[in-house]
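The sequence and the structure are shown here for reference.

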Amino acid sequence: MKGTVITCLREIVINAGGEATWQACLSAADFEEFTVFHLAEDVPDHKALALIRAICAKLGLTLEQAGDAFGEHWVNVYGPRLYKHLYGKYANAREFFLNINEMHARVTKHLADSRPPRFRLEWMGPNTLVMHYESHRGLIDVAVGMARAMGRYYGERLVVTKLSSKALRIVFA
């Protein structure tokens with residue numbers, strides 16, 4: 001997992017509980033105190049997932065709640081700061097979702113060993129999109145949280161439902 005994801009997590013934890021809480025999460029996940037993550041750095045998946053579990057435990061969050069918090073921060077605070085050029089490219093959430101794989105490919109093109117999730121898109125009607133999540137990380141709750149936040153970013157009413165550990169449904173209301 002890239003350091004940019006961990007940097008976003010750090011912002012969320014510090015906003016929720018302060019630097020001491022972040023340090024406690026690092027320690028619980030077997031990172032050295034005051035570890036600094038560089039945006040393009042590769043953080044081993046098992047270490048990043050241990051950190052996510054530590055954050056959930058320290059903040060008393062379920063994975064679903066953590067996914068919503070991450071999605072909200074990434075989509076509406078962190079992402080626009082780092083990837084402003086991408087956010088302006090799409091007119092609405094539907095366009096964003098339809099281009100998500102291409103966007104991931106463009107963002108990670110110059111980042112060695114990047115393995116962003118891929119999504120297989122399946123329309124179940126004119127306003128219902130099922131996104132099949134393809135990643136070994138098992139972070140469907142993050143995908144769900146980001147989809148919900150994308151609706152807020154574009155000022156649209158989306159009904160996002162986790163269908164399984166590998167799929168979510170978006171209804172464009």
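A residue is called buried when its relative accessible area is under 20%, exposed when that area is over 50%, and partly exposed in between. The model discussed here is predicted, and the values below should be read with that in mind.

## The loop between α2 and α3

F34 is found in the loop between α2 and α3, and because its relative accessibility is 52%, F34 counts as exposed. The backbone of F34 has a phi near 60°, which is a positive value in a residue other than glycine. Most residues other than glycine have a negative phi.

## Packing of α1 against α3

Two packed helices are described by the angle between their axes and the distance between the axes. For helix α1 (residues 3-17) and α3, the angle is about 10° and the axes lie 12 Å apart. Angles under 35 degrees count as roughly parallel, and α1 and α3 are therefore roughly parallel to each other. On the side of α1 the contact is made by I6, L9, V13 and A16, while α3 contributes A48, L51, I52, I55 and L59. By class, the residues of this contact of α1 with α3 divide into 9 nonpolar, no polar and no charged.

Helix α3 also holds D45, which is buried because its relative accessible area is 12%, a value to be read against the cut-off of under 20%. When residues up to four places away in sequence are not counted, D45 touches M1, R115, H136 and R137.

G60 has its place in the loop between α3 and α4 (63-82). Its relative accessible area is 57%, so G60 is exposed. Leaving aside neighbours within four places in sequence, G60 is in contact with I55 and Q65; I55 is also one of the α3 residues in the contact with α1.

## The sheet

What is the order of the strands in the open sheet? The 4 strands follow the order β1-β2-β4-β3, and their pairing is antiparallel. β1 (118-125) and β3 (158-164) are the edge strands, each of which pairs on one side only. From one strand to the next, the twist averages 20°. Helix α8 packs on this sheet and touches β1, β2, β3 and β4, and the direction of α8 makes about 170° with that of β3.

The pairs of strands can be taken in turn. β1 and β2 pair in the antiparallel sense over 7 bridges, and they form a hairpin with 2 residues between them; within this pair, the bridge partner of R120 is H132 in β2. β2 is also paired with strand β4 (residues 167-172), in the antiparallel sense and over 5 bridges, and here V130 has R169 in β4 as its bridge partner. Between β3 and β4, which run antiparallel, there are 6 bridges, with V159 standing opposite V171 in β4. β3 and β4, too, form a hairpin with 2 residues between them.

## S135, between β2 and α8

S135 lies in the loop between β2 (128-134) and α8 (140-153). Is S135 buried or exposed? At 13% relative accessibility, S135 counts as buried, because the cut-off for that class is under 20%.

The side chain of S135 takes part in a polar contact of 3.5 Å with the side chain of Y133, and it reaches the backbone nitrogen of R137 at 3.2 Å. Not counting residues up to four places away in sequence, S135 touches P117 and K166. R137, whose backbone nitrogen is reached by S135, is also among the residues that D45 touches.

Key:
Residues numbered from 1 in each chain as written. Predicted model: local features only at pLDDT ≥ 70, side-chain atom pairs only at ≥ 80, totals over all residues. Heavy atoms only, no water. Buried < 20%, exposed > 50% of the residue type's maximum accessible area, 1.4 Å probe, protein only. Axes fitted to C-alpha atoms, helices over the stretch in contact; angles between N-to-C directions. Parallel < 35°, antiparallel > 145°, perpendicular 65-115°, else oblique. Contact = heavy atoms within 4.5 Å. Nonpolar A, V, L, I, M, F, W, Y, C, P; charged D, E, K, R; others polar. Polar contact = N/O pair within 3.5 Å; in protein donor to acceptor, adjacent residues only side chain to side chain. Pairing = 2+ DSSP bridges.
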